[in-house]
Amino acid sequence: MSQPTYERLVAQLDRLGLWRAKEILPESLSAAEQGEAGYAGFLDRLLEEEIGAREERRIKSSLRLAGLPYLKTLDSFDFAFQPSLDRGEVKDLAALTFLAKKENVLLLGPPGVGKTHLAVALAVCACQNGYSIYFSTLDSMIRELAAADRAGKLDRKLRTYTTKSQLLVLDEVGYLPLSRAEANYLFQVISNRYERSSLILTSNKSVGEWPELFGDHAIATAILDRLLHHSHVLSIKGHSYRLRERAQAAALATPIAAHAAS
Ligand code: ADP
Ligand code: MG
C-alpha cells in the first residue's frame with residue numbers, strides 16, 4: 001500500500017472515531033499482507049476490535065455514572081460464609097431473566113451479611129450485559145426528590161429513578177423511617193417502574209415491618225402490593241462479614257502486639 005493511501009486511511013478512521021481500528025491498523029495490514037487473513041478477515045478483525053473497545057468504554061463509563069458505592073462481583077462473594085443463602089438462586093438471578101421479565105429482587109437481612117455486595121454484583125452483571133443501571137440509597141433518593149420537588153422540578157428528577165435505568169438498586173430501605181410525604185416519593189418511583197422495569201431493594205427490616213416505617217398504612221400497602229407482585233425475596237440470616245473481618249484482623253494483630261510489647 002502506498003504511503004499516501006495509508007495516511008488517508010488513518011485520517012479517515014480518525015474522522016470516523018474508529019480509534020481502536022486506527023490503533024491496530026498497522027499490525028492488521030501486515031498480517032493481511034502476509035496472507036494470514038483475506039480481505040474479509042482483515043475487515044472482520046478491525047471491526048470486531050473496534051466494537052469490543054467501544055463496549056468496554058460503555059461499560060466503564062456506565063459503571064462510573066451508576067453511583068455504585070464500590071465495585072464487587074459474585075466471584076468475590078463467599079457463599080460458604082452465608083449458608084442460609086441459596087447459591088443457585090443467586091446464580092439464576094445473575095442470568096438476568098428477572099430483568100427481561102421486569103421482576104424485582106428483595107435482599108433482606110441484618111447489617112454486614114452482603115446485601116449491598118450482592119445488589120452491586122447483580123447491577124454490574126446487568127451493566128456488562130447491556131442494561132442501564134442506577135444505584136442509590138433510599139435516603140439519598142428521597143432527599144434528591146424532596147429537593148427537586150421544592151424547586152418545582154419533581155417530574156424531571158423522578159425520571160432519574162424511573163425511565164432512565166432498566167435496573168434501579170435502592171439500598172438501605174428501612175434504616176430511617178419515612179414521613180407520609182417521603183413515602184409518597186417512594187410510591188411514585190415504585191408505581192412508575194411497576195411491570196416496566198426492575199428494582200433491587202435491600203433492607204435490614206423484614207417486609208412485615210415496612211408499614212410501620214412508611215408512616216402511612218395505605219401508602220405502605222400500595223408500595224408492597226406492587227413491589228411484591230413479581231419479586232424474588234432472598235432473606236439472609238447469617239452473621240456479619242464485616243465483624244468476621246474485624247475479628248480476623250484482631251486475631252492477626254494480637255500476637256504482633258504481644259510480640260511488640262515483649
Ligand atoms: P450489608 O448487608 O450491610 O449491605 P455489605 O454487602 O456492604 O453488607 O457487606 C459488608 C462488607 O463485607 C463488604 O465489603 C462486602 O463486600 C463484604 N462481604 C459481605 N458478605 C460477604 C461474603 N459472603 N463474601 C465476601 N465478602 C462479603
Ligand atoms: Mg448495605
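A polar contact is a pair of N or O atoms within 3.5 Å; inside the protein, one atom must be able to donate a hydrogen and the other to accept it, and residues adjacent in sequence count only if both atoms are side-chain atoms. This is a predicted model, in which local features need pLDDT of at least 70 and side-chain atom pairs count only at pLDDT 80 or more, while totals for chains, interfaces and linings use all residues. Residues are numbered from 1 along each chain as its sequence is written, chains are lettered from A and ligands numbered from 1 in the order in which they are written, and side-chain values use heavy atoms, without hydrogens and water.

**Exercise 1.** Find the polar contacts that ligand 1 makes with Asp78, Gly114 and Thr116.

*Solution.* Start with the backbone. A polar backbone atom of Asp78 lies 2.7 Å from a nitrogen atom of ligand 1. Next, a polar backbone atom of Gly114 is 3.1 Å from an oxygen atom of the ligand. Now turn to a side chain: an N or O atom of Thr116 is 2.7 Å from an oxygen atom of ligand 1. Finish with the cover: of the 550 Å² of accessible area that ligand 1 has on its own, the protein covers 91% (Shrake-Rupley method, 1.4 Å probe).

**Exercise 2.** Describe the shell around ligand 1.

*Solution.* Count the residues with a heavy atom within 4 Å of the ligand: there are 15, and Lys72, Asp78, Gly112, Thr116 and His117 are the closest. Then sort them by class, which gives six nonpolar, five polar and four charged residues. Last, look at the helices (DSSP runs of H or I, at least four residues): α6 (115-128) and α12 (241-261) each give two or more residues, and α6 has the largest share, with three.

**Exercise 3.** Work out which space ligand 1 takes, and what lines that space.

*Solution.* Ligand 1 takes the space of the largest pocket (more than half of its atoms lie within 2 Å of the grid points). That pocket holds about 460 Å³ of space. Its lining has 22 residues, and Tyr70, Gly112, Gly114, His117 and Arg242 lie nearest the centre. By class, the lining of this pocket has eight nonpolar, seven polar and seven charged residues.

Notes:
On a 1 Å grid over the protein atoms alone, a cavity is a set of points where a 1.4 Å probe fits but cannot get out, and a pocket is an open set with protein on both sides within 12 Å along at least five of seven lines; lining residues have an atom within 4 Å of a point. Ala, Val, Leu, Ile, Met, Phe, Trp, Tyr, Cys and Pro count as nonpolar, Asp, Glu, Lys and Arg as charged, and the others, Gly among them, as polar. Grid points are joined across faces, edges and corners, and a volume is the space filled by probe spheres set on the points.
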